[in-house]
Amino acid sequence: MATPVQDYAPNGLTSLTADPPPTSRSGAAGSGPAIETTELTKRYGPIIAVDHLNLLVERGEIFGFLGPNGAGKTTTMRMLLGLVRPTSGTARLLGMSIGSDLPAILTRTGALIENPTFYPYLSGTDNLRAFARLGRIDETGIAAILELVDLTRAASRRFSTYSLGMKQRLAVGAALLHRPDLLILDEPANGLDPAGIVEMRDLMKRLKGEGHTVLISSHVLHEIEHICDRIAIMSRGKVVVQGKVGDLLGRGDALEVRVESLEEATRILSGAPWVQGVVRESDRLVVSAPLDAAATITKLLADHGVYISGLKPREQSLEQYFLDVTGEAQ
Amino acid sequence: MTAFLSFEWFKMRKRPMPWVILALILALTILAFWGQATRGDGRANLFLPRGWLAALSFCSFFAPFFWPVLAGSWAGNEYGWGTIRAVLTRRPNRITHVLAALVVLLVALVFGLLAILAVASVAGIVVSLLTGNDVFTSGIMSGDFLLVLLKGLLTAWYVSAFFLLIAYVAAVMFRSAAVGIGFGIGSTLAQLVLQHILRDLGATWQTIADHFPVVYANDMITQVVWSKLVPGTNLASVSPGTPSAGQSLLALAIYSAIALVLMLGAVRARDITA
């Protein structure tokens, strides 16, 4: 039975989940995290591409999947989508096993793996029509999908004439064609111009707002930092860190203090029992203390005749954190 | 399966390449009629209804060179373009996918052969008119003739399907359009060359050469239709020692089955890394 997709409004802002697909949110598929891997491993001969991966993506979140080239992100995504068979370990998507329930999983999952791939001799519309046939989806919503990804004007042009950004947008549109619960997007911002990246960010946020789960890999760390609830960073086939973005970047447990006399301020603050550490970084101090200690710090220093010229919560960028974690800072 | 069939057929209708190949085959059919018309002894085979049988005979010459191009590029480009990923992340059944695409190609062959017969009808009429003959030779059409025509059509399809299958299998196994096309055409040429070499090396080698697929495929159509063509003409001649149509049917079925098993085994086992 075809699944209507006419709920996509021309401005693309209305619900993507107005009518769930026939197979969605029912039975055993209704429980469990969006993605859960247990000791998932892929070997190519002596090379371990993915090494006992334990990944947990909760429903309704945007999850950033990061790592340097060759870390194993794409291989992991391929395993989740059944393109590559795991050597060992298990994975469950939307509560279903990729080993036994893959067809059902894919009816509720949209994917973009590596480069956008379509038939070069078909137009944007015809490519979506072809994949709508493959997914037994009603073709009436295709125009709205093209509108959503801003390809209406190029809809009748052959895919081979598209720019990389247009190809990328068409791929995202195709991934949304059957209104999936889970989106797995590998480098969706690749080839997009700054405006396109912003549009992609807005689209991701909109999808999250409507209850979709998004697993996204990207090298545009600034975007990941802003749109993702949680991230995992892979390196050499292993997840080296996984958690909430704010927690991982240490937000909420350090303050940056600017003062005239750094030595004096260091001595004063080091003596306070609620300060866990003071580190000097060029023209400022990084004070390990709760954020609500800001006023106390100000008063303590002022009481000793040291006046603060600046004080703000410590914010490490994801980019710096990524480089630190993956050991590529140098 | 039906979703895959619908998907593949949609692509078949929209892709220019099959139409280009068909146009080339139809043009060559016309050229073959023209060439045959210039031969005094074979001209009578071109007048309808014999012209249909002549057109099917010409398929023996086209099949090893054109259908591999269609099949090789059809299967191989899925890997070259990376579209196999897009397909299998929507419907993961790989076996169904390769079989559905093959079925659509085999159905397209039927339409191609019917188009050849349609063009042959026009070409036959033109030759008849230009040479002052009746456009439809009387006294030939009978139930027996229609049966041979039907058998000839099925045989032409069968032989074409074999050459198409070989290229398709090669393209899928090696994930490459170039390999599919190259192997499809190249293996036929290689067999023809090897045949000549092996025949000079003694009886054992001769026996091996006699079981090359191309030996069974080459004259199979002629074996079926020659009895209704003008006796003694080039289109009605079958080389001595040529396998019977029944033998060819069986041999090509065995070769096709082996190729299919190899392909399905590879598709089932391997990872999609395109």
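This is a predicted model: local features need pLDDT of at least 70, side-chain atom pairs count only at pLDDT 80 or more; totals for chains, interfaces and linings use all residues.
In chain A, four strands form an open sheet with the order S12-S13-S11-S14 and antiparallel pairing. Its edge strands are S12(A), residues 277-281, and S14(A), each of which pairs on one side only. Neighbouring strands are turned against each other by 25 degrees on average, direction ignored.

Strand S11(A) covers residues 255-259. Strand S13(A), residues 284-288, pairs with S11(A) in the antiparallel sense over 3 bridges. The antiparallel pairing of S11(A) with S14(A), residues 308-313, runs over 5 bridges. Val257(A) has a bridge partner in each of these strands: Leu285(A) in S13(A) and Leu311(A) in S14(A). Glu256(A) stands opposite Val286(A) in S13(A).

The two faces of S11(A) can be told apart by residue. Leu255(A), Val257(A) and Val259(A) make up the covered face, whereas Glu256(A) and Arg258(A) make up the uncovered one.

Helix H10(A), residues 294-303, lies across S11, S13 and S14 of chain A and runs at about 160 degrees to S14(A).

Turning to the interface, 25 residues of chain A are in contact with 22 residues of chain B. On the chain B side, helix H1 (2-14) and helix H4 (83-88) are the elements that give two or more residues. H1(B) provides the largest share, 6 residues. By type, the residues on this side of chain B divide into 10 nonpolar, 7 charged and 5 polar.

Key:
Residues are numbered from 1 along each chain as its sequence is written. Chains are lettered from A and ligands numbered from 1 in the order in which they are written. Two residues are in contact if their C-beta atoms, placed from the backbone, lie within 7 Å. Ala, Val, Leu, Ile, Met, Phe, Trp, Tyr, Cys and Pro count as nonpolar, Asp, Glu, Lys and Arg as charged, and the others, Gly among them, as polar. A residue is buried if 20 or more other C-beta atoms lie within 10 Å of its own, exposed if 12 or fewer, and partly exposed in between; C-beta atoms are placed from the backbone. Two strands pair if DSSP finds at least two bridges between them. Axes are lines fitted to C-alpha atoms, for helices over the stretch in contact, and angles run from 0 to 180 degrees between N-to-C directions.
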